[in-house]
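Dear colleague,

Please find below the structure that I am handing over to you, together with its sequence.

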Amino acid sequence: MKGDLFSSQHVVQPAVAPGMSVENAKCVKYAVNGEMYARQGAMVAYRGDLVFERKGQGVGGMLKRAVTGEGLPLMAVRGQGEAWFAHEAQNCFIVDVEPGDQFTVNGRNVLCFDASLSYEIKTVKGSGITGGGLFNSVFTGQGRLGLVCDGNPLVIPVSEQVPVYVDTDAVVGWTTQLRTSLHRSQSIGSMLRGGSGEAVQLMFQGEGFVVVRPSELTPQKSQQH
């Protein structure tokens, strides 16, 4: 077969080492040699001897049903082979978590992760009853975490001198040493007049990074997630 479709740009190559890699902007490839975890329904193709199993609760023992309180179901993938993961053609990127690191992420952005990582579901401090995922997950350990994002993410440095304010529907994740609180940027008078549509943000203070998607979550997508 000939044509652009069958060029090296699109034809996948065998993995050279076990683990996770970005196949292209919209897809993550995982060379499985044992066990890994992924968002349920995110597998788009695989080859080799792999088993996909939905789990109920717990990592170590049984796999937790949800990465967040929003109820994102996960699956365990076991065996030897290659699997490709994607979600709604969103952009994919990988976070390397090192010993001592902690990375907080919204469950709707989780695609897949190494079994060597552990996570704990936590309430976002200071978020009240709002805030782009009242329950987020804190990933620790050593391994790789595959995430998805609508568009190319913005990684914004945060310092003690310069806090960063993020729309609660746009935040993807942040380094856990940052402090969070709810910030109201709109006056009562403006709210009474109909408001600007940007009434409340999540404020980040400290030293670290916050990852932001370049769009707000629409009501339709909010229901899907």
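The chain exposes about 11,600 Å², of which carbon and sulfur atoms supply 54%; accessible areas come from the Shrake-Rupley method with a 1.4 Å probe, and for residues only the protein chains shown count as cover. This is a predicted model, in which local features need pLDDT of at least 70 and side-chain atom pairs count only at pLDDT 80 or more, while totals for chains, interfaces and linings use all residues. Residues are numbered from 1 along each chain as its sequence is written, and side-chain values use heavy atoms, with hydrogens and water left out.

On that surface, Met 1, Leu 5, Phe 6 and Val 11 make a nonpolar patch of about 460 Å². Patches consist of residues with over 30% relative accessible area and no salt bridge; like charges are joined within 9 Å, and nonpolar side chains (Val, Leu, Ile, Met, Phe, Trp, Tyr) within 5 Å. Val 11 is found in the segment before β1 (19-24) and is partly exposed, its relative accessible area being 39%.

As to the fold, the chain has two helices and 16 strands. These are DSSP runs numbered from the N terminus: helices are H or I with at least four residues, strands E with at least two. Of the 225 residues in the chain, 42% are buried (buried means under 20% relative accessible area, exposed over 50%, partly exposed in between, with a 1.4 Å probe and protein chains only). Among contacts between residues at least 6 apart in sequence, 76% join residues at least 24 apart, a contact being heavy atoms within 4.5 Å.

The interior holds nonpolar cores, that is, sets of buried Ala, Val, Leu, Ile, Met, Phe, Trp, Tyr and Cys residues joined through side-chain atoms within 4.5 Å. The largest has 18 residues, and those with the most contacts inside it are Phe 103, Val 105, Phe 113, Phe 139, Leu 145 and Leu 147. At least two residues of this core come from each of β4, β5 (91-97), β6 (103-105), β7 (110-114), β8 (117-123) and β10. A second, separate core of 16 residues includes Met 20, Tyr 30, Val 77 and Leu 111. Leaving aside neighbours within four places in sequence, Phe 113 is in contact with residues including Met 20, Tyr 119, Phe 139 and Leu 145.

Side chains of opposite charge can pair when their charged atoms come close. How many salt bridges does a search of the whole structure find? The search finds seven, a salt bridge being a side-chain nitrogen of Lys or Arg within 4 Å of a carboxyl oxygen of Asp or Glu.

In one of them, the closest N and O atoms of Glu 35 and Arg 78 are 2.5 Å apart. Glu 35 lies in strand β2 (residues 27-39) and Arg 78 in strand β4 (residues 74-85), so the pair ties together parts that are 43 residues apart in sequence. Glu 35 is partly exposed at 29%, and Arg 78 also counts as partly exposed, at 29% relative accessibility. Glu 35, Glu 53 and Arg 78 are linked in a network of salt bridges.

Asp 150 and Arg 213 form another salt bridge (2.9 Å, N to O). Asp 150 is in the loop between β10 (143-149) and β11 (154-158), and Arg 213 in the loop between β16 (208-212) and α2 (219-224), 63 residues apart. Both Asp 150 and Arg 213 are buried.

Yours sincerely
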